[in-house]
Structure formats: structure tokens, C-alpha cells
Amino acid sequence: MRWRHPLAALLAALCLLALSACGETSAPAENPEQTPPAETTEPAPPADTPETPADPAPAEDPSLTQFRETLAEGGYFCGLAFLGYLPEGDPAGLEELLQAGGYGEDYPFLADLSQDQVVDYEGDEVYCLVPRDPAASLTVQAWNSTPENQYQGEVGETLYTDDQGQPVVLIGNVSDVIPNLQVTLTGEDGTELLWHPALGLCDSTLALPATPKVYDFSRYDTLELPQQAADFLGTWAAEGASLTLREDGSAAYTTPAGEAFTGTYYVITTSSQYPEGSVLLELSAEGNTPDFWGIFTFTPEGRTLTAASVTGDRLLDRETVTFTAAE
């Protein structure tokens with residue numbers, strides 16, 4: 001067939017092209033300015049989000065805080081007390097002892113001490129130490145006094161350590177006259193207390209260290225303290241030597257060569273190691289470290305006094321000496 005008009009032929013060709021294009025799917029044109037999507041990440045927390053607070057430290061017992069303030073006001077480094085005796089040193093009786101002595105009422109924080117704050121060693125004497133400084137460090141060690149070291153004592157095993165200034169109860173002392181514990185308390189400023197818990201030889205009150213300054217909060221009115229015997233008091237002489245025992249607990253001994261010693265004596269009443277009623281003599285030529293240390297039984301009879309050595313140094317270098325009352 002032959003087209004008569006060229007324009008009609010061109011229009012027919014365009015229609016055929018349009019019909020064939022309708023059967024194909026066109027791909028979308030790429031946009032050169034479009035950027036691919038970023039990888040998905042977890043959102044970062046805001047910079048000002050607060051961290052979870054740690055559990056607060058338990059608040060200190062108000063009675064302990066008040067006691068520390070009392071120590072600070074008086075310039076005391078720590079508080080010390082003799083609480084009394086425990087039958088056979090059994091810690092199970094500690095609560096009853098505190099209540100009987102009035103400590104539970106006056107110092108409630110003592111009733112809340114944990115088992116870790118009770119040092120239970122050999123013996124039945126009970127002491128307490130309360131640091132003024134909450135940052136003080138404390139070490140408690142065994143203190144061994146034996147004939148092998150001439151009863152001068154030496155440090156043994158470590159029984160307790162603490163660096164938070166906690167109060168502590170100390171149970172020890174098999175012998176009434178020889179301590180078996182050593183306490184070292186160091187304050188944050190470096191001040192140090194070195195102490196062997198024991199009772200004084202003259203009046204059975206707490207034996208306090210010379211330095212630093214400490215506060216004795218013992219309640220002696222609730223304790224049954226032993227009384228000094230009176231039947232051996234006086235001045236006694238034997239073979240040029242003299243022995244003086246006074247009511248205030250002081251003593252003096254002069255050897256035949258004229259060497260003079262002065263010091264104290266103490267009557268042993270509850271020891272399981274030495275005879276009841278035996279007497280400890282601690283004498284010195286200089287007034288400091290004992291040069292003469294011995295335990296004796298004294299038997300007075302009329303105007304004579306027989307001294308028998310139990311342990312330690314001996315009078316006139318003999319086991320038994322009979323003195324006569326001095327004129």
C-alpha cells in the first residue's frame with residue numbers, strides 16, 4: 001500500500017513506537033546528588049546523664065560519734081577501759097558483762113560491735129579501746145613473756161588489724177601480772193600508742209600508758225577489785241638486806257651490798273598460774289625498766305616473814321629467806 005501523504009506516514013510510525021514502549025518497565029533515573037543512607041547505630045547517652053550512685057556507707061552510731069567528740073574536746077588520743085572479767089574468757093558472756101557494768105546504757109555503740117571487733121585470746125580480762133580518729137589504724141598482736149626471754153616480752157602472731165578507727169574489745173591475760181597482748185594504734189597524723197592491756201600493780205585500776213594522752217572510761221564502782229593484804233606490810237631485815245612493803249602498793253629492797261631498788265608490788269588473787277595470795281615484786285634501780293622481777297609467797301608469823309620464791313629473781317639469791325621485823 002502506498003501512502004499518499006508523507007506527514008501521515010510519520011504519524012503512523014510514532015504511534016507504533018509508543019505502543020511498543022507501553023509493554024516495558026522503565027528504571028527510575030538516578031539522582032547524582034542523592035547519598036546512600038547511613039548505617040544504623042545505637043544512640044549515645046546524653047552527656048549529662050548522671051551515673052548510678054554507689055550505696056552510701058552506713059551511718060556511725062550517734063553514741064560513738066558523741067564519744068569521739070568527747071575525746072577530741074579533751075585532747076585524748078583514744079579511750080581505754082577495763083570492762084571486767086569473763087568466766088573462762090568466754091565471749092558469749094560479753095553482752096551480760098556490758099550490761100552489768102552499765103556500759104550498755106552509757107555507751108550503746110559497744111552493744112553493736114560485730115564479732116570481728118572482739119579479739120578473743122587466752123585469758124579472762126576484758127578491755128576496750130575506742131580510737132578518736134575514724135581513720136586510725138590498729139594492730140593487735142600476741143605478747144609472749146616467758147622465762148626464756150626473762151619476762152621482757154616479745155611480739156607474737158598478729159590477731160587483728162583495722163584501718164577504719166573501729167572500737168575493739170580485747171580479751172586476754174592468763175596471768176594477772178603478765179599481759180599477753182600488744183596494741184599498736186596509729187592516728188592519721190602519725191601519733192602512735194603502744195600499749196599492753198593490764199591492770200596497775202598498786203590498785204588494780206587500768207595501767208595507762210605515759211603517752212599519748214588517753215581517756216580512762218572504766219566504771220570501777222561496778223568492779224570487785226582485789227584488796228592488798230595487810231599481814232605482811234612493814235620493813236623486814238635479813239643478813240644485811242631489807243625489804244619494805246607499804247600499804248599504798250609501793251615496795252623497796254636493799255641488798256647486803258647496799259644496792260637499792262624501789263618499785264611496786266601486787267597481790268595475785270585470781271591467777272590459774274600462780275598461788276592465790278602470792279606477791280609480784282617489780283623493782284628498779286632507776287625507776288624505769290624493772291631490774292628485779294619476781295613472784296613470792298609471803299608467810300608472816302609473829303615477828304618473822306618467810307619469803308619463798310615462785311618464779312623470777314630471788315631475794316638473797318636463795319629460794320627461801322626468813323626476814324625479821326626491823327626495829
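How far is the sulfur of Cys 128 from the closest cysteine sulfur, and which residue holds that one?

Modeller: The sulfur of Cys 128 lies 9.8 Å from the closest cysteine sulfur, which belongs to Cys 78. That is too far for a bond. Two sulfurs would have to be within 2.5 Å to count as a disulfide. The protein's disulfide count is 0. Seen from the other end, Cys 78 is in no disulfide, and Cys 128 holds its nearest cysteine sulfur, 9.8 Å away. Both cysteines are out of reach of solvent by the accessibility rule. Cys 78 is buried because its relative accessibility is 0%. Cys 128 is buried as well, also at 0%. Keep in mind that this is a predicted model.

Now the setting. Strand E1 covers 78-85 and strand E3 covers 125-131. H2 is the next thing to look at.

H2 runs over residues 62-74, 13 residues in total. From first C-alpha to last, H2 reaches 19 Å, close to the 18 Å expected at 1.5 Å a residue. Its buried residues are Ser 63, Leu 64, Phe 67, Arg 68 and Leu 71. They sit on the same side of H2 because they cover an arc of only 140° around the axis. The face turned away from that side carries Pro 62, Gln 66 and Glu 73, which are exposed. Just after the helix comes Gly 75, with a positive phi of about 75°.

Next, follow the chain past E9. Ser 218 is in the loop between E9 and strand E10 (234-238). Ser 218 counts as buried because its relative accessibility is 12%, and the cut-off is 20%. One is the backbone nitrogen of Phe 82, at 2.8 Å. The other is the side chain of Asp 216, in a polar contact of 2.6 Å. Beyond four places in sequence, Ser 218 touches Leu 80, Ala 81, Phe 82, Tyr 103 and Leu 206.

Thr 211 and Pro 212 are joined by a cis peptide bond, with omega about -10°. Pro 212 is in the loop between strand E8 (192-195) and E9.

Two loops hold a positive phi outside glycine. Glu 88 has phi near 60°. Its place is the loop between E1 and helix H3 (94-100). Glu 88 is exposed because its relative accessibility is 82%. Glu 239 has a positive phi of about 55° and is not a glycine. Glu 239 sits in the loop between E10 and strand E11 (241-245). Glu 239 also counts as exposed, with a relative accessible area of 55%.

Thr 184 is in strand E7, residues 181-186. At 16% relative accessibility, Thr 184 is buried. Setting aside neighbours within four places in sequence, Thr 184 contacts Ser 137, Leu 138, Thr 139 and Gln 141, along with Glu 192, Leu 193 and Leu 194. Phe 292 lies in strand E15, residues 292-301. Phe 292 is buried at 7% relative accessibility.

Last, the whole chain for scale. The protein has 4 helices and 17 strands. Of its 327 residues, 39% are buried. Among contacts with a separation of 6 or more, 55% link residues 24 or more positions apart. The protein exposes about 19,500 Å², and carbon and sulfur atoms supply 50% of that area.

To return to the cysteines: the sulfurs of Cys 128 and Cys 78 are 9.8 Å apart, too far for a bond.

Notes
Residues are numbered from 1 along each chain as its sequence is written. This is a predicted model: local features need pLDDT of at least 70, side-chain atom pairs count only at pLDDT 80 or more; totals for chains, interfaces and linings use all residues. Side-chain values use heavy atoms; hydrogens and water are left out. Buried means under 20% relative accessible area, exposed over 50%, partly exposed in between (1.4 Å probe, protein chains only). Contact means heavy atoms within 4.5 Å. Accessible areas come from the Shrake-Rupley method with a 1.4 Å probe; for residues, only the protein chains shown count as cover. The expected span of a helix is 1.5 Å times one less than its number of residues. The arc is that of the directions from the helix axis to the C-beta atoms. A polar contact is a pair of N or O atoms within 3.5 Å; within protein, one must be able to donate a hydrogen and the other to accept it, and residues adjacent in sequence count only if both atoms are side-chain atoms.
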